[in-house]
Structure formats: structure tokens, C-alpha cells
Amino acid sequence: ANAREELAYPADLYLEGSDQHRGWFQSSLLTSVASKGQAPYKSVLTHGFVLDEKGYKMSKSLGNVVNPLEVIEGGSNKKAKPAYGADVLRLWASSVDFSGDVSIGDGIVKQVADSYRKLRNTVRYIIGNLHDYDEEKHAVKLEDLPAVDRYILARLSETMKEVEQAYDKYDFANAVQALTRFCVSDLSNFYLDTAKDRLYIPELSNPRRRSCQTVLKVLLDSLTQALAPILPHLAEDLHFNLPAQQKKQGSSVFENRWTVPEFARDEATDGDIGLARLLRNDVNKVLEAARQAKTLGASSEAEVLLYCGGGAEQARESLERLTKSQNEVDNLQYLLLVSGVRFVDSEEEITSAPHQSEGDTETGVKVGVQRYVGVRCERCWNHFPETEFDVNSEFPDVCQRCVAALQAQNGIEESNNAVVAHAA
């Protein structure tokens with residue numbers, strides 16, 4: 001180390017197998033202490049050995065050796081031995097407890113590849129919805145964001161702190177678990193699922209859409225840097241495929257500084273949105289039963305009935321606050337992805353619904369589901385009362401908010417056509 005200018009003595013880290021505790025680790029320690037009066041390393045990290053899928057030691061005679069290059073590039077028969085790429089192999093190495101012996105095989109690699117696709121699909125969805133977003137022009141201030149946006153940013157801060165602490169301890173498995181849990185549970189199953197309505201339905205410059213894009217940009221920046229040590233190729237893909245106006249100065253994601261976003265939790269927001277997340281689980285179970293019975297197809301066809309008796313009165317106060325939200329983001333019906341939510345005053349109204357929750361629910365709220373009585377908007381597919389539609393308008397089959405989006409889009413197209421005509 002002293003012979004190379006870019007290195008320093010003692011070494012930051014000694015990395016070797018567990019069989020070296022009485023070998024190289026000890027011999028180099030004794031030699032360094034005797035000659036320099038200090039240990040030759042600041043910290044030591046030992047790992048176990050790689051076994052096959054059944055837990056047996058690998059050997060050529062048994063024919064159970066897994067060739068890392070074959071995992072990356074695939075075997076001669078690509079159907080039997082597909083090419084997974086280096087990132088999948090790195091994800092496997094990062095997701096196991098390397099302090100003991102670890103196993104690898106075709107089945108294990110396939111499971112890891114599924115986990116990789118979940119992470120990749122999440123960030124791919126995020127970056128795909130930032131194509132027209134310019135942070136300098138379109139970013140929404142934190143205090144102006146809807147409650148669900150502030151909630152997910154607080155969850156991001158907690159996750160990034162957990163990941164940073166795990167990296168500092170070389171605990172890569174916990175870092176992978178935290179990132180996977182956040183991407184799958186918090187984002188894919190909740191936030192991004194509810195965000196589709198405001199990303200795709202309103203006009204491009206609608207505040208609901210811009211607030212969501214503001215959050216997506218923060219999510220993408222943080223996830224890119226958090227994934228980089230484990231999945232460098234994916235992180236570089238994200239870095240180089242950002243729209244031109246969003247790219248940072250660094251030619252590589254690894255030239256950007258590590259930062260942990262600071263978004264504090266708000267107790268009122270956490271309580272309301274957290275309860276809505278739990279309620280989604282209760283409602284989705286009943287909706288799935290309705291689909292199985294072919295009573296309903298999409299969740300947008302449903303009206304949800306809620307009975308908050310038997311100790312769930314406080315939950316009703318929280319959920320009612322969401323139903324009164326005017327921003328079309330925090331409103332309970334949009335968080336549940338249904339066309340209507342109604343509170344009832346007796347459990348009999350729940351039991352008389354075509355489908356209802358069985359046994360105890362996560363929230364303590366009894367849930368009933370029935371078909372929403374109204375008209376379907378042909379653009380957003382949500383259902384509304386007939387009063388939402390103007391049969392004499394230019395768009396008689398779409399709801400009022402879709403009419404506004406279409407008129408805004410037509411205005412942009414007419415303006416562009418005028419510019420082209422003038423240029424001609």
C-alpha cells in the first residue's frame with residue numbers, strides 16, 4: 001500500500017474467507033504489529049463459502065459447480081441457461097448473508113432475477129413519467145404537495161437512512177431488503193398505483209400531475225444512488241436516460257455525491273394516509289371476491305360501504321377527513337381506486353351488500369362492496385352521477401374533469417397548428 005500513491009496504510013478493509021482467521025489475517029497482523037506497531041487494517045470482513053442449491057460443497061466431480069460467467073452470459077442452450085447479466089449476479093451476492101456459507105443454483109438465480117425485474121420495472125415506470133418534466137419550471141413546493149406525496153417522501157427518507165446505515169456496516173442484505181420493500185410495498189402496491197389517475201387523466205400542466213412528477217423526480221434521484229453500489233449497470237442506465245433538462249453534470253452516477261433527503265413525518269398525515277393504506281388491503285380482499293363472483297370487473301365499477309362501529313369510531317374521523325379532500329389526490333375514493341365511498345350507520349347495511357368483509361379486518365372497519373350506480377366516463381373509466389355529463393357538449397360521454405383535460409389539449413394543438421401555419 002505504501003508503494004502506491006493512491007493507497008494508504010493501514011488498509012481500510014481486509015476481505016477474505018472465514019478460513020483465514022488463523023491464516024493471512026493473523027500472520028499479517030503479527031507482522032505489522034511487530035514492524036509498525038499497528039494493525040495493517042482498519043476493519044476486517046470475512047465471508048463464508050459458496051455451496052450448491054442443495055447445500056453441498058461444489059466440486060467438478062459432482063458436476064455442481066456454478067460458473068459466474070454462465071450466469072451473466074448464459075449457457076450454450078439459452079432456454080435452459082438464460083443470460084441474466086452481471087446485475088442479477090451482484091444482486092444475489094448482495095441479498096445473501098455472506099457471513100456464513102451461501103447457496104446458489106438455477107432456482108435461486110431465477111428468484112433473484114424476479115426480484116431484479118421488480119426493482120427495474122419500478123424505476124422504469126418512474127423515469128417514463130418524467131419525459132416532459134423540467135425541475136426548474138415544474139417543481140411544486142413541499143408545503144403545496146398533497147398529503148399522500150408528503151407521506152411517501154417521509155417513507156423515502158426513512159428508507160434511505162436505513163440503506164445508508166446498512167451500507168456503512170457492509171450489511172448489503174438489509175440494504176436490498178429495505179429497497180425491495182420500499183419499491184414493491186410503498187411504491188408499486190400503493191403510491192404508483194394510486195398515481196396513475198393523476199399522471200394519465202388530467203392535462204399535462206395540471207397541478208395534480210406536476211406535484212406527482214415532483215415526487216417521482218426525488219424518488220428517482222434517491223433510488224438511483226441507493227441502487228448504484230449493488231446494481232451499477234441499472235443505475236448508469238437511469239443516469240444516462242434522464243431527459244436532457246434533468247441530467248446532472250457528472251458523466252457517471254458515481255460522480256454524484258451521496259445525499260439522504262430529509263422529509264419529516266407529519267403525525268396527522270401519517271395517521272390518515274397510513275389508515276387508508278390498511279383500508280386498501282381490507283377493500284381489495286372484498287373487491288377480489290366480487291371479481292371472482294363476476295359481480296364486478298374493474299375496481300372503478302365499485303362503491304365501497306364502510307361501517308366504523310365497535311371501536312372503530314376514531315378511524316371514521318380520519319377516513320372522513322380524506323373523503324372531504326378537494327384536491328382529487330388525497331380523496332379516499334382515489335386512494336382506493338373506486339368510484340364512490342359511503343359511510344353507513346349500521347352493520348346490517350354491510351351484511352346486505354352483495355359482498356362484505358369476513359371476520360376481523362386490519363382497520364377494524366367493516367367493508368361492503370356493491371356496483372356503483374352511475375355513468376361510466378369513456379375516457380377515464382371512472383363512474384359518476386349523470387349530472388357530471390353534459391350531453392350537449394363537444395364531449396358528451398366524458399366527465400367534467402376529462403372535458404377540461406381535452407379542451408386544454410385541443411387548445412395546445414390549435415396553438416401549435418397556428419405556429420406551423422404562420423411559419424409556413
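Author: Buried means under 20% relative accessible area, exposed over 50% and partly exposed in between, with a 1.4 Å probe and protein chains only. Helices (H or I, at least four residues) and strands (E, at least two) are DSSP runs, numbered from the N terminus. The model is predicted: local features need pLDDT of at least 70, side-chain atom pairs count only at pLDDT 80 or more, and totals for chains, interfaces and linings use all residues. Residues are numbered from 1 along each chain as its sequence is written, and side-chain values use heavy atoms, with hydrogens and water left out.

Reader: How many helices and strands are in the chain?

Author: The chain has 424 residues, of which 44% count as buried. Its C-alpha trace spans about 90 × 70 × 50 Å along the principal axes. The elements in the chain are 14 helices and ten strands.

Reader: How many of the residues of α8 are buried?

Author: Helix α8 covers residues 207–227 and reaches 30 Å from its first C-alpha to its last. That is close to the 30 Å expected at 1.5 Å a residue, where the expected span is 1.5 Å times one less than the number of residues. The helix is largely enclosed by the rest of the structure, because the buried residues number 18 of the 21.

Reader: Which residue has a side-chain oxygen that reaches the backbone nitrogen of R208?

Author: A polar contact is a pair of N or O atoms within 3.5 Å; within protein, one must be able to donate a hydrogen and the other to accept it, and residues adjacent in sequence count only if both atoms are side-chain atoms. At the start of α8, the oxygen within 2.8 Å of the backbone nitrogen of R208 belongs to N206.

Reader: Is E303 buried or exposed?

Author: E303 sits in strand β5, residues 302–307. Its side chain makes a polar contact of 3.3 Å with that of R342. Contact means heavy atoms within 4.5 Å, and beyond four places in sequence E303 touches residues including G340, G368 and Y372. With a relative accessibility of 14%, E303 is buried.

Reader: Which element gives the largest share of the lining of the largest cavity?

Author: On a 1 Å grid over the protein atoms alone, a cavity is a set of points where a 1.4 Å probe fits but cannot get out, and lining residues have an atom within 4 Å of a point. The largest cavity holds about 70 Å³, and its lining includes D197, R198 and E328. Both α7 (172–200) and α12 (332–336) give two or more residues to that lining. The largest share, three residues, comes from α7.

Reader: How many nonpolar residues are in the lining of the second largest cavity?

Author: The volume of this cavity is about 30 Å³. Among its lining residues are L91, V176 and I230. Its lining has no polar and no charged residues, and the number of nonpolar ones is seven.

Reader: What is phi of W381 near?

Author: Most residues other than glycine have a negative phi, and most peptide bonds are trans. W381 is in the loop between β9 (375–376) and β10 (383–384), and is partly exposed at 49% relative accessible area. Its phi is positive, near 70°.

Reader: Which peptide bond is cis, with omega near 5°?

Author: One of its residues, P10, lies in the segment before β1 (14–17). The cis bond runs from Y9 to P10.

Notes. On a 1 Å grid over the protein atoms alone, a cavity is a set of points where a 1.4 Å probe fits but cannot get out, and a pocket is an open set with protein on both sides within 12 Å along at least five of seven lines; lining residues have an atom within 4 Å of a point. Grid points are joined across faces, edges and corners, and a volume is the space filled by probe spheres set on the points. Ala, Val, Leu, Ile, Met, Phe, Trp, Tyr, Cys and Pro count as nonpolar, Asp, Glu, Lys and Arg as charged, and the others, Gly among them, as polar.
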